[in-house]
Amino acid sequence: MKAEFVLVALPVSALITPSAFAVRYLTVEQAQQAIFPGKSFTASPVKLTSVQRKAIEQVSGVRVLHDDQQVWRVSGGCWFIVDEVVGKHEFITYAAGLTVDGSVKQIEIMDYRETYGGQIRDQKWRVQFVGKTSKSTLKLDSDIKNISGATLSCRHITDGVKRLLAFYEIALKH
Amino acid sequence: MRSPSNIEIRRCQPLLGTFVEITAQGRDERLLTRGIEAGFGAIAKVNRLMSFHGRLSDVSRMNRDAFPRGVIVHPWTWQVMKAAKRLAEESRGAFDITVAPWLTKWDYLPRRGYQFSPTATSRDIFVRRGYEVFFRRGLTVDLGGIAKGFAVDRAVDALKENGIECGIVNAGGDMRTFGPASQLIHLRHPTDPTRLAGAVRLRERAMATSGIYFERRKHHGRYVSPLLDGRSGQAARELISVSVAAAECTTADALTKVVFALREEAAGVLACYGADALLLQRDGAPSWMFHSSCDTPGRTRFD
């Protein structure tokens with residue numbers, strides 16, 4: 001099998017293009033089946049009271065941005081939660097499966113989008129993005145599918161999961 | 001190359017402190033899903049074994065007990081220790097897994113009260129038969145510079161063992177492609193992660209990139225980064241990024257640190273491993289490229 005390592009020269013315009021990296025990995029239904037295959041799901045959304053929100057923040061040490069939490073009860077007593085986190089460069093929707101005793105079964109990233117807030121000072125770059133929705137993937141000579149660079153930290157997901165575990169203790173457990 | 005009945009499944013999980021993405025192409029959706037799950041399983045296992053933070057990981061056990069008693073580790077950990085020791089020798093110390101004291105000083109890694117011998121290096125590590133690791137002096141190892149690449153390789157094995165013929169495993173930029181299709185990999189701009197500097201095409205090959213743009217921290221008023229020259233403990237302060245392609249991601253991952261430290265002088269080590277390197281300067285321009293001239297499976301070319 002031959003190996004290739006070819007540097008593809010990009011046109012100059014591409015060099016100043018922000019990396020509109022957006023991937024939809026799983027829909028809600030797909031994430032449900034990925035974490036709890038064959039189970040049935042009953043939507044049971046939760047709206048936090050201000051007391052609950054403060055308690056979750058205190059227990060987890062993580063700020064709660066939304067009072068509404070998308071929750072499904074899984075047949076057999078487990079929980080399926082869809083949550084969002086915002087990082088410095090990224091906006092992520094993910095699903096967490098919690099077991100009957102409230103421990104993490106599995107985490108799946110559902111949507112991953114890189115954002116540019118505060119990063120773009122050059123107006124020319126901004127113009128290129130007018131009309132692009134967060135879901136559209138930039139077309140180059142090919143879609144941007146794989147990016148290599150210094151490792152992105154998933155610390156925001158770690159914090160999000162910490163918050164969800166506190167959410168379970170305070171709003172779901174009983 | 002891709003027949004109409006070919007499907008592609010992509011999944012992403014937070015593992016190894018980053019986002020691990022596995023893409024598999026084939027015809028049978030259930031086969032692909034099972035393979036991808038086995039791939040994530042292999043990465044989670046490497047995470048458990050080689051985490052610096054997990055108290056029960058092999059790394060923590062070695063740091064506690066490899067000096068003076070020696071510890072028996074999992075064959076995978078043993079393999080990584082052996083690879084790390086060889087890389088340290090080949091790079092004459094530029095790659096060294098015993099650099100943790102500086103990292104703990106800069107708060108990149110937790111202070112755990114381990115004994116540090118200030119002059120200890122990889123030479124004080126002995127990787128013996130029977131999966132035993134022994135430290136001749138009190139030292140602390142951190143496999144952060146090599147374990148991610150190793151995890152990618154084990155995930156690729158798991159995918160192949162499950163009958164998947166084409167795919168890519170990408171652990172936060174350290175990746176490996178396998179199968180007949182080549183993959184286009186975009187490289188982030190060294191000084192602005194929201195821009196792209198170029199693209200590389202890979203087939204049947206691994207590539208790892210190290211840069212410091214996401215990782216800068218201030219220590220006594222100076223920016224420091226976890227990329228260190230193992231010989232001096234000096235952080236690579238220039239904002240650049242280094243990409244290395246090799247047959248295996250374990251070597252590609254570790255060699256980025258060697259190139260960071262040695263630059264052009266890394267050519268000999270890269271040749272040893274049949275690896276190629278690409279260094280991007282602050283403005284995103286490729287400043288130094290190395291084509292391995294030894295018997296790599298295929299001709300390597302930069303355009």
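1. A residue is called buried here if 20 or more other C-beta atoms lie within 10 Å of its own, exposed at 12 or fewer and partly exposed in between, with C-beta atoms placed from the backbone. On that count, 32% of the 174 residues in chain A are buried.

2. Some housekeeping: this is a predicted model, so local features need pLDDT of at least 70 and side-chain atom pairs count only at pLDDT 80 or more, while totals for chains, interfaces and linings use all residues. Residues are numbered from 1 along each chain as its sequence is written, and chains are lettered from A and ligands numbered from 1 in the order in which they are written.

3. Chain A has five helices and nine strands (DSSP runs numbered from the N terminus: helices are H or I with at least four residues, strands E with at least two). Reading from the N terminus, the order is β-α-β-α-β-β-α-β-β-β-β-α-β-α.

4. Now the helix pair in chain A. Helix 3 (residues 50-60) and helix 5 (residues 155-172) of chain A have axes that come within 9 Å and cross at roughly 130° (axes are lines fitted to C-alpha atoms, for helices over the stretch in contact; angles run from 0 to 180 degrees between N-to-C directions). That makes helix 3 of chain A oblique to helix 5 of chain A (under 35 degrees is roughly parallel, over 145 roughly antiparallel, 65 to 115 roughly perpendicular, the rest oblique).

5. Who touches whom? On the helix 3 side of chain A, A:Gln52, A:Ala55, A:Ile56, A:Val59 and A:Ser60 meet residues of helix 5 of chain A including A:Ala166, A:Phe167 and A:Ile170 (contact means C-beta atoms, placed from the backbone, within 7 Å). By class, this contact of helix 3 with helix 5 of chain A holds seven nonpolar, two polar and three charged residues (Ala, Val, Leu, Ile, Met, Phe, Trp, Tyr, Cys and Pro are nonpolar; Asp, Glu, Lys and Arg charged; the others, Gly among them, polar).

6. Over in chain B, helix 5 (residues 147-161) and helix 6 (residues 249-262) pack at about 165° with axes 7 Å apart. Helix 5 and helix 6 of chain B are therefore roughly antiparallel.

7. Chain B also has an open sheet of eight strands, order 1-2-6-7-10-13-14-15, with antiparallel pairing (strands pair if DSSP finds at least two bridges between them). At its edges sit strand 1 (7-15) and strand 15 (286-290) of chain B, each pairing on one side only. The twist averages 10° from one strand to the next.

How values were computed
Two residues are in contact if their C-beta atoms, placed from the backbone, lie within 7 Å.
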